[in-house]
Amino acid sequence: MKTFPKPATIEPMSQRMNVEFPYKRSTGEVVGRFLAGLRDQKKIWGLRVSRQGVVVPPQSYSEVDAKAGGEWVEVAETGVVTAVAEVTRPIEGLHPSSEPFAFVLVKLDGADTALAHVVLDRLDRLRVGSRVRATWAPDGERRGTIRDIEAFEIVD
Amino acid sequence: MKRPVAVVGVGQTHHTSKRADVNVAEMVREAVDRALLDAGLEHDDIDAIVLGKAPDPLEGIMQPEQYLAGALGAHLKPIIRVHTAGSVGCTTALTAATHVASGLYGRILTIAFEKQSEGNAMWALSPNYAFTQPMVAGAGGFFAPYCRAYIARSGAPGHIGAVVAANARENAGRNEYAHLRDPMTVEEALNSMMLWEPIRFLETCPSSDGAIALVMANEDHARRGPRKPAWLKAGATFTEPMYVPGRDQVSPLAGRTCAKWVYDKAGIRDPWNEIQVAEIYVPFSWYEPMWLENLGFAPLNEGWKVVDRGDQKMGRHLPINPSGGVLNTNPIGASGMLRFGEAALQVMGRAGEHQVGGVKTALGHAYGGGAQYFSIGILAAEL
């Protein structure tokens with residue numbers, strides 16, 4: 001059998017590539033009402049759905065039995081932290097803050113599920129069980145996103 | 001199939017260019033709710049869920065099988081996701097069928113969807129691939145050379161593509177779920193802008209938002225259901241890598257192999273005379289004559305003559321795509337399952353205004369990738 005010379009290059013090679021693409025996602029009615037509540041009312045709405053209790057942020061269907069619909073319930077802007085993940089060295093442009101911060105799950109008063117959000121200040125006092133309150137983006141700057149709630153702050 | 005499998009429920013959305021009123025889960029649930037209602041079932045009756053859609057970059061939802069699990073009623077049930085590009089809808093239905101045929105599941109909910117308005121399928125499918133020259137072609141740019149090669153070797157006259165498109169539009173006018181339904185003449189198609197030689201604007205598929213869901217069941221459940229089932233006589237998928245030596249991109253071997261396999265399993269010796277209606281995957285007009293040959297409905301290089309004679313029209317020898325097909329409705333991930341589901345509706349006798357008379361056997365077909373994945377189901381009125 002004829003043999004061929006090996007390729008000249010033997011060190012590991014790689015190529016850089018970026019894959020980036022824009023999207024525009026429809027909220028649908030349920031998520032849309034929740035986000036409009038943040039933007040227009042500074043209120044946090046949940047949905048009482050089949051076999052799941054009051055879900056915040058609400059989804060269109062029960063995750064237990066797939067039933068649609070439910071009763072809209074306003075929950076408090078205060079609640080209790082159920083999980084903490086502190087980010088001590090944030091990555092610029094990727095994380096929601098350039099200063100040390102914490103991702104938290106907050107079970108708002110009146111809700112049966114916990115909402116994922118951030119705590120930006122007084123991290124030394126933050127722990128599971130801490131009481132927190134929503135702080136809001138100013139009027140005219142709320143765009144109908146989850147960050148219309150700027151963050152949660154620790155309540156003494 | 002090792003054990004008989006039937007389609008017992010069909011549900012689809014009214015397909016359109018933009019469903020801004022619903023999110024992906026809500027759009028998918030419209031089809032699911034209709035399929036369950038059609039089958040006389042509820043989520044509790046379903047044993048497993050099989051989901052299919054085109055690649056994630058189309059809407060940018062990472063792992064839709066995770067995002068949709070709650071909406072699809074997957075709690076404490078198996079859910080799997082199928083990926084085979086444009087053919088995925090038909091492959092997904094066949095994956096659901098093999099799960100039923102295994103004997104492990106009695107009733108399966110299978111769903112396929114695309115919400116093209118949330119992204120841009122043409123350019124999302126043309127990313128920069130490492131190590132090779134990016135073509136930035138989109139599907140039309142990719143498939144047009146194959147159509148040119150077909151015309152060159154078959155000697156097909158130039159108007160055939162426009163005839164296909166006008167006939168598909170006429171059919172879509174009878175399908176209340178179709179996306180494009182306004183009347184369109186051959187002349188209008190011929191006079192529309194040339195996008196990718198030889199494919200003109202009105203000879204190409206639209207971008208659609210839509211979903212379809214099917215309930216598939218074993219023989220016992222199918223016979224006890226409220227409606228006449230559509231029996232799956234045979235189903236198969238075959239694949240062909242891009243650079244196989246001697247590859248024929250115009251009439252790929254994988255497609256011909258897939259067709260022969262299902263005809264053999266279904267006991268069909270003469271598909272042109274033993275099949276009464278076919279829903280085949282035609283995203284660009286010229287693919288109709290190409291697939292008529294690939295599927296064995298016409299001899300090599302003579303598929304265009306079927307179109308020229310009009311034998312593929314409603315009321316003629318073998319109506320092709322009475323639903324209006326992909327040329328008029330293209331929620332990509334759903335498009336293959338729409339072919340399969342429409343074939344099922346035809347043998348059930350429930351296709352509405354686009355019902356073909358006397359259908360005993362129907363074919364549903366899809367292809368995907370660079371004409372690399374082929375997926376065919378043969379549906380029959382009797383087991």
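Biologist: Cavity here means a set of points, on a 1 Å grid over the protein atoms alone, where a 1.4 Å probe fits but cannot get out, and lining residues have an atom within 4 Å of a point. How many cavities of 30 Å³ or more are there?

Modeller: Two, by that rule. Before we go on: this is a predicted model, so to speak of local features takes pLDDT of at least 70 and of side-chain atom pairs 80 or more, while totals for chains, interfaces and linings use all residues. Residues count from 1 along each chain as written, chains are lettered from A and ligands numbered from 1 in written order, and side-chain values use heavy atoms, without hydrogens or water.

Biologist: What lines the largest cavity?

Modeller: Its lining is Gln12(B), His15(B), Asn175(B), Tyr177(B), Ala178(B), Ser323(B), Gly325(B), Thr329(B), Leu338(B), Arg339(B) and Glu342(B). Helix α13(B) gives the largest share of that lining, three residues. Helices (H or I, at least four residues) and strands (E, at least two) are DSSP runs, numbered from the N terminus.

Biologist: How much space is in there?

Modeller: About 50 Å³. A volume is the space filled by probe spheres set on grid points joined across faces, edges and corners. The second largest cavity holds about 30 Å³, and around it sit Ala165(B), Arg169(B), Met184(B), Leu202(B), Thr204(B), Leu327(B) and Asn328(B).

Biologist: New topic, α11 of chain B. How many of its residues are buried?

Modeller: Eight of eight, so to say, mostly covered; the helix runs over residues 287–294. Buried means under 20% relative accessible area (1.4 Å probe, protein chains only). The buried set is Tyr287(B), Glu288(B), Pro289(B), Met290(B), Trp291(B), Leu292(B), Glu293(B) and Asn294(B).

Biologist: And what covers them?

Modeller: In chain B, the cover includes helices α5 (138–154), α6 (160–172), α9 (253–266) and α12 (303–309), plus strands β10 (361–368) and β11 (373–380). Contact means heavy atoms within 4.5 Å. After α11(B) comes Gly296(B), with a positive phi near 80°.

Biologist: β10 came up there. Why is β10(B) called largely enclosed?

Modeller: Because eight of its eight residues are buried, the rest of the structure largely encloses β10(B). On one side there are Thr361(B), Leu363(B), His365(B) and Tyr367(B), on the other Ala362(B), Gly364(B), Ala366(B) and Gly368(B), and all are buried.

Biologist: Which strands pair with it?

Modeller: With β9 of chain B (277–279) it pairs in the parallel sense over three bridges, and Val277(B) has Ala362(B) as its bridge partner. With β11(B) it runs antiparallel, joined by eight bridges; there His365(B) partners Ile376(B). Two strands pair if DSSP finds at least two bridges between them.

Biologist: What's between β10(B) and β11(B)?

Modeller: Four residues, in a hairpin, and Gly369(B) in the turn has a positive phi of about 65°.

Biologist: Last one: which residues touch the most other members of the largest nonpolar core?

Modeller: Val7(B), Tyr263(B), Tyr287(B), Phe297(B), Phe340(B), Leu363(B) and Ile378(B), out of 93 residues. Helix α13(B), residues 332–348, supplies the largest share of this core, ten residues. A separate core has 31 residues, among them Ile49(B), Leu109(B), Ala213(B) and Ala217(B). A core is a set of buried Ala, Val, Leu, Ile, Met, Phe, Trp, Tyr and Cys residues joined through side-chain atoms within 4.5 Å.

Biologist: What does Ile378(B) touch?

Modeller: Leaving out residues up to four places away in sequence, its contacts include Trp231(B), Leu232(B), Val262(B), Tyr263(B), Ile275(B) and Leu363(B).

Key:
Buried < 20%, exposed > 50% of the residue type's maximum accessible area, 1.4 Å probe, protein only. 1 Å grid on protein atoms, 1.4 Å probe; cavity = no way out; pocket = protein on both sides within 12 Å on 5 of 7 lines; lining within 4 Å.
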